[in-house]
Amino acid sequence: MIRIIFIFINNNNFVLLSIDVDGPDYEIWKNFTDYKPRVVIIEAAKLLQPSELVYPVENGGASAGILVQLGKEKGYELVCHTGSNCIFVLVSLEMSCCDER
C-alpha cells in the first residue's frame, strides 16, 4: 500500500488522508509515520460512544475514543465526529487558523 502512495505523492506535504477500509483503519494510521497530512479522516466504530477506548472492536475497527488518543499521540486534534468518521487536523494547523492578525 505504501508503494502505491509513493506513486501519487510528489513531496511530504499533502493535505488529506482518508482511511476507510472496514477493519484495520487504526493500524494503518498508527503505522503511517513517514508523512504528516494536514487533515485525516478515519472511520470509527458506529456502535460505541466517543468516550469509550476500545480496540479492536468485535466486528473490526476502533472506537472514536481510541482514535482520538492515537491522534493526540501523532500531533492531531479531533475537530469533528460524524458518528461514523473522525476528522482530525494537525495541531499546528489548527492553531494557525485561530491566530488573529
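## Close-up views of a predicted model

**Figure 1. Two neighbouring aromatic residues, F32 and Y35.** F32 and Y35 are both buried in this predicted model. Their ring centres lie 6.0 Å apart and their planes stand at 45°, so the pair is tilted. Under the rule used for such pairs, the count comes to four aromatic pairs.

**Figure 2. The aromatic pair of W29 and F88.** The rings of W29 and F88 form a tilted aromatic pair, with 5.0 Å from centre to centre and 45° between the planes. This pair links distant parts of the chain: W29 belongs to helix α2 (residues 25–30) and F88 to strand β4, and 59 residues separate them. W29 and F88 are both buried. Ring pairs also bring in Y76, so that W29, Y76 and F88 are linked into a cluster.

**Figure 3. The four-stranded sheet.** Four strands make an open sheet in the order β1-β2-β4-β3, and the pairing is mixed. Its edge strands are β1 (16–19) and β3, each of which pairs on one side only. On average, neighbouring strands of the sheet are turned by 20° against each other, direction ignored. Helix α3 (residues 64–74) packs on this sheet and touches β2, β3 and β4. The direction of helix α3 makes about 150° with that of β3.

**Figure 4. Strand β4 and its two partners.** Strands of a sheet pair through backbone hydrogen bonds, either parallel or antiparallel. Strand β2 (residues 39–43) pairs with strand β4 (residues 85–90) in the antiparallel sense, over five bridges. Within that pairing, I42 has C86 in β4 as its bridge partner. Strand β3 (residues 76–81) also pairs with β4 in the antiparallel sense, again over five bridges. Here L78 has F88 as its bridge partner in β4, and E77 has V89.

**Figure 5. The hairpin of β3 and β4.** Three residues lie between the strands of the hairpin formed by β3 and β4. In this hairpin, G83 takes a positive phi near 105°.

**Figure 6. The surroundings of V40.** V40 has its place in strand β2. Its relative accessible area is 0%, so V40 is buried. Apart from neighbours within four places in sequence, V40 is in contact with L17, W29, Y76, C86, I87 and F88. These contacts include W29, Y76 and F88, the residues that ring pairs link into a cluster. V40 and V89 are 49 residues apart in sequence, and their C-alpha atoms are 6.5 Å apart in space.

**Figure 7. A buried acidic residue, E43.** E43 is found in strand β2. Although E43 is buried, it has no salt bridge. The nearest side chain of opposite charge is that of K46, 4.7 Å away. A salt bridge needs a side-chain nitrogen of Lys or Arg within 4 Å of a carboxyl oxygen of Asp or Glu. Not counting residues up to four places away in sequence, E43 touches I19, D20, V21, D22, D25, L67, S84 and N85.

**Figure 8. The salt bridge of K72 and E77.** Side chains of opposite charge can pair when their charged atoms come close. By the rule applied to the model, the count comes to one salt bridge. The side chains of K72 and E77 meet in a salt bridge, with 3.6 Å from N to O. E77 has a relative accessibility of 25% and therefore counts as partly exposed. E77 is also the residue whose bridge partner in β4 is V89.

Figure 9. Y55 and P56 are joined by a cis peptide bond, with omega at about -5°. P56 is found in the loop between β2 and α3.

**Figure 10. The backbone at D22.** D22 has a phi near 55°, a positive value in a residue other than glycine. D22 is found in the loop between β1 and α2. With a relative accessible area of 62%, D22 is exposed. D22 is one of the residues that E43 touches, and E43 is buried.

Conventions. Residues are numbered from 1 along each chain as its sequence is written. This is a predicted model: local features need pLDDT of at least 70, side-chain atom pairs count only at pLDDT 80 or more; totals for chains, interfaces and linings use all residues. Side-chain values use heavy atoms; hydrogens and water are left out. Two strands pair if DSSP finds at least two bridges between them. Helices (H or I, at least four residues) and strands (E, at least two) are DSSP runs, numbered from the N terminus. Buried means under 20% relative accessible area, exposed over 50%, partly exposed in between (1.4 Å probe, protein chains only). Contact means heavy atoms within 4.5 Å. Axes are lines fitted to C-alpha atoms, for helices over the stretch in contact, and angles run from 0 to 180 degrees between N-to-C directions. Rings of Phe, Tyr and Trp (its six-membered ring) pair if their centres lie within 6.5 Å; planes under 30 degrees apart count as stacked, over 60 as edge-to-face and the rest as tilted. Lys and Arg count as positive and Asp and Glu as negative; His and the chain ends are not counted.
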